[in-house]
Amino acid sequence: MILQSKDVLGLEDLTAEEILAVLDVAGRFRAVFDRPVRSVPIMRGRTVVNFFHEPSTRTRISFELAEKRLSADIINFAAATSSFSKGETLRDTAENLAAMKIDMLIVRHSSAGAARYLAKVLDCSVINAGDGAHEHPTQGLLDIMTMRQRLGDLRGKKVTIIGDITHSRVARSNLWGLVKLGAEVTLCGPPTMIPAGLDKLGATIEYDLHKAVADADVLNVLRIQLERHASKSFPGNREYNRMYGITGDVVRKLKPDAFIMHPGPMNRDVEIASEVADGPRQVILDQVANGVAVRMALIYLLSGGDPGALGGAA
Amino acid sequence: MEWSWQRIPAEYLVTNVRLCRNGKLAKRKGFLHVRKGRIEGLGMGQPSLEGVPVLDGAGLVCAPGLVDTRVSFREPGNEQMETVAAGSRAAAAGGFTAVVTMSGTEPVIDNSGMVRYLIDRGREAGLCRIHPTGAVSPGRLGEGMCEYGDMVAAGAVAFSDDDVPVANGGLMSNALKLTRVLGVPVITHAEDRTIVGRGAMHGGYWSGRLGLAGMARAGEDAAVFRDVELARATGGHLHVAHVSTKGAVEIIRQAKAAGVQVTAETAPHYFSLDHSRCRDFSPLYKVNPPLREPDDVNAVAEALADGTLDNIASDHMPNTGTEKEYQFDQAPFGAIGLETSLAVGITYLVNSGILDLGQLISCLSEKPARIFDLPGGRLEEGAEADFVLLDPDRTWTVTADSFQSRSTNSAFLGETLSGRVLATFLRGRLTWHDAD
C-alpha cells in the first residue's frame with residue numbers, strides 16, 4: 001500500500017514519501033484530462049458520500065468531478081438539507097452513514113478535528129475536505145503539486161504564505177507538507193492573524209510583507225475574510241490592502257521567476273490586485289486542475305488502487 | 001466484638017491506623033474513638049475500652065473526611081448530567097464528606113429558598129454535607145445583587161456567579177464589602193472575556209497548531225489582578241477558584257505577602273496535565289480555565305507546596321456523554337473530578353516529592369474547611385466524626401465504569417493512578433466502602 005492509513009486527515013500525518021507518491025499518481029491522472037474521454041472507471045460500484053457541513057463550492061465540485069471521473073456512485077449530503085441542522089450530533093450522523101455501508105466519506109466541517117473524529121468511529125476511508133482552521137490536506141497537496149510543476153524539487157525553495165494564518169487550514173496543510181519536502185516556509189500577515197508557535201513547526205514568521213516576499217520563489221496568497229472572523233483583528237480591507245495586499249508594485253519587485261498562487265475564491269483588490277490576479281505570474285487555474293487530479297489520486301489509492309495499473313489507463 | 005460494614009454501632013474504635021492530622025502523617029499506628037457521630041478520642045497505640053467494638057484499620061491511613069470547595073451537581077435543571085444524590089455518592093466514593101456546590105444550576109441558586117432546597121436534597125441523600133454557594137447577581141446576569149444575608153442565614157457559605165465572571169468591577173467591589181460583614185468569601189472565576197474571546201483551549205503552541213481559538217493567559221492574570229486589588233481596597237475575603245497560570249500564582253503570592261485577605265485553590269488537572277492533551281481534539285480535556293503549559297503546571301504545583309495556593313478543589317463539572325462527543329470547539333467546558341482528586345494528588349504531587357501525604361491531605365480537608373469555616377476537615381477530640389481510610393499505594397486504572405457520578409467526562413480516563421479510598425465515614429456513619 002502506498003498510503004499507510006485508511007484515511008487522509010491532514011498532511012501532518014503523511015510522510016514525504018507518501019506525499020510524493022500521491023503527487024506521482026495525480027500527475028498520471030492529470031495527463032488523462034487532455035484526452036477526449038477523461039474517465040477512468042476504476043471506482044465502479046463503490047459509493048462515496050460527500051458530507052459538507054459547511055458551505056463550499058469549488059472543493060465540493062472538485063471532489064465530485066474526481067469521483068465521477070473514477071466512475072464512483074456519489075451521494076451529496078449538505079448541512080442545510082440534512083438532519084444535522086436539527087441538532088443531530090456528529091456521532092449520530094456518523095452511525096447513520098456507517099449503517100448505510102458506504103465505501104468512502106469526504107467531509108468538510110466547521111469544527112477542527114471533526115474529520116479525525118469521524119475517521120475514528122467509521123470503518124470506511126475518510127478524506128478531510130477541510131476541518132475548521134485545522135487542515136485542508138487536498139488543498140495542501142494541490143498547492144504542492146502546482147509548485148513542483150514549476151520548481152521541481154522543493155528542497156531549499158522559498159515559499160511565502162500571506163494572510164490570516166490563524167484561521168487558515170490551507171496555511172497549516174501547506175506548512176506541514178512543504179516543511180516535509182524541504183521547502184523554506186515564511187508565514188506573513190498582521191500580528192493579530194498569526195498564532196503563537198507555528199515557528200516551532202519549521203516556519204519563519206515575518207510581519208513585514210516586503211521582507212517576506214523579497215527572495216520568495218512562490219507567494220501563496222490566502223483569502224481574507226474580514227467580515228467573518230477577523231473583524232476584531234484588523235481595521236479593514238483598505239488597510240489590509242495597503243499593508244499586505246499583493247499589488248502590481250509588490251509583484252514587480254519579486255524575483256523574475258517567482259509566481260503567485262491563491263486557493264480561491266479571490267477578493268480582488270483586497271488581498272490580491274486584479275492586475276496580479278489576471279497577470280502572467282499567477283497559476284491559479286493550474287491549481288484548480290491539479291485539485292481534481294490530487295483528489296482522484298487519493299480516492300484511487302485509498303480504495304486500494306495500484307499505481308502500476310495506471311500506466312495503461314493513463 | 002465482630003465488626004460489620006453493614007451495621008455501624010453508635011460507638012466504636014478504629015485501630016491500627018496511621019492518623020493524619022494538622023498536615024502530618026503519624027509514623028506510628030494509632031486509633032480513633034468514635035461516639036455518637038463525634039470524635040471521642042484519638043491517639044497513638046491501642047486503648048482498651050471494654051465492650052467497645054473495634055475495626056482493625058489494617059495499617060491504612062486515617063485522614064479527615066475530604067472537603068471539596070468547587071463542585072457542580074447540576075440539580076436542579078440538568079439532572080441527566082448529575083443529581084445531588086449521584087454527586088453525593090461520587091463525593092463519598094472519592095473520600096469527600098463535604099462539598100461546596102456552585103450556583104450555576106437552572107434556575108440559579110440566587111435566593112434563600114434555593115439554598116434551602118439544595119441543603120434538603122443533600123440531607124435526603126445523606127452521604128455528604130452540601131454547602132451551597134449563592135450567586136453574586138440574580139440569575140448570574142452580572143447586574144444587581146442577591147440577598148447575601150438571607151442566603152447566609154439559610155446556609156450559603158460563599159458567593160459566586162460560578163463560571164460566569166463578574167465583569168462589572170463595581171459589582172464585585174460591592175459584593176466584597178457586603179460579604180465581609182457576613183464573614184463569607186466571594187469566589188472569583190477569574191476570566192476577562194474581552195481578552196479570552198471565544199477560545200476553546202489555552203492560547204499557545206497547540207492552539208496554533210490545531211487551528212483552535214486560544215484563551216490567552218493574560219485573560220486569567222488580568223482578572224485575578226483586578227479582584228485582588230478590589231479585595232485589598234475593600235478588606236473583603238476573595239477566594240480565587242481554579243488557578244491555572246504562573247502569572248496568577250505570582251499575583252496571589254504578592255497579595256498574600258502584602259496582607260490582602262485572599263485565598264486560592266487549584267484543581268487536580270492544573271498541576272498534572274498540560275495543553276498538549278488537546279492534540280487529538282478530545283473534548284475530555286476541554287476545561288475552563290484551559291490546560292496550560294508545562295511551566296504553568298509546575299508553578300501551580302510549587303504554589304501548593306509553598307502555601308500560595310491553599311487548597312485543591314476538584315471543579316467537578318459533569319457533562320453527559322453526548323455533549324463530550326461533540327467536536328472540541330462545540331463541546332461544553334468541564335470535567336468530573338470528585339472520584340479522582342485524591343489519587344491525582346498522590347500520583348502527581350506526593351509520588352513526585354512535591355508534597356508529602358500529610359500536606360496533600362491538608363490541602364484537601366483542613367485548609368478548605370478553615371477557609372469556608374465548615375465543620376469537619378480535622379481529626380480532633382470533639383470534632384465531627386468525618387473521616388476516611390485510604391491506601392496511598394494502591395493503584396487503579398480509571399475507566400468509565402469506575403464512577404458513581406452520572407457522567408464519565410474525566411480527564412484521567414485510561415490513566416493508572418495511585419491511592420484509593422477504602423472507606424468514608426460521615427458523622428461516624430459509613431457512606432462508602434470499596435467492595436474490592
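In the predicted model, helix α3 of chain A (residues 90–99) has Leu90(A), Ala94(A) and Leu97(A) as its buried residues. A residue is called buried if 20 or more other C-beta atoms lie within 10 Å of its own, exposed if 12 or fewer, and partly exposed in between, with C-beta atoms placed from the backbone. Helices (H or I, at least four residues) and strands (E, at least two) are DSSP runs, numbered from the N terminus. An α-helix has 3.6 residues a turn, so residues three or four places apart point the same way. The partners against which the buried residues of α3(A) pack are β1 (47–52), β3 (104–109) and α4 (114–121) of chain A. After α3(A) comes Lys101(A), with a positive phi near 55°.

Residues are numbered from 1 along each chain as its sequence is written, while chains are lettered from A and ligands numbered from 1 in the order in which they are written. As the model is predicted, local features need pLDDT of at least 70 and side-chain atom pairs count only at pLDDT 80 or more, whereas totals for chains, interfaces and linings use all residues.

Chain A is divided by the domain assignment into domain 1 (16–133 + 288–307) and domain 2 (137–287), with bounds that come from an automatic or database assignment. The C-alpha centres of domain 1 and domain 2 of chain A are 26 Å apart. Between them, 20 residues of domain 1 of chain A are in contact with 20 residues of domain 2 of chain A, contact being defined as C-beta atoms, placed from the backbone, within 7 Å. On the side of domain 1 of chain A that touches domain 2 of chain A, two or more residues each come from α1 (16–32), β4 (125–131) and α11 (284–302) of chain A. The largest share of that side, seven residues, is given by α11(A). By class, the side comprises 12 nonpolar, five polar and three charged residues. Here Ala, Val, Leu, Ile, Met, Phe, Trp, Tyr, Cys and Pro count as nonpolar, Asp, Glu, Lys and Arg as charged, and the others, Gly among them, as polar.

Apart from its neighbours within four places in sequence, Ala297(A) is in contact with Val22(A), Val25(A), Ala26(A) and Phe29(A).

Between the chains, 19 residues of chain B are in contact with 20 residues of chain A. Helix α6 of chain B (residues 205–210) supplies five residues, the largest share of the side of chain B that touches chain A. That side of chain B divides into six nonpolar, nine polar and four charged residues.

Gly264(A) and Pro265(A) are joined by a cis peptide bond with omega about -10°, and Pro265(A) lies in the loop between β9 (259–261) and α10 (274–277) of chain A. In chain B, Asp315(B) has a positive phi of about 55° although it is not a glycine. Asp315(B) is buried, with 31 other C-beta atoms within 10 Å.

Methods: Two residues are in contact if their C-beta atoms, placed from the backbone, lie within 7 Å.
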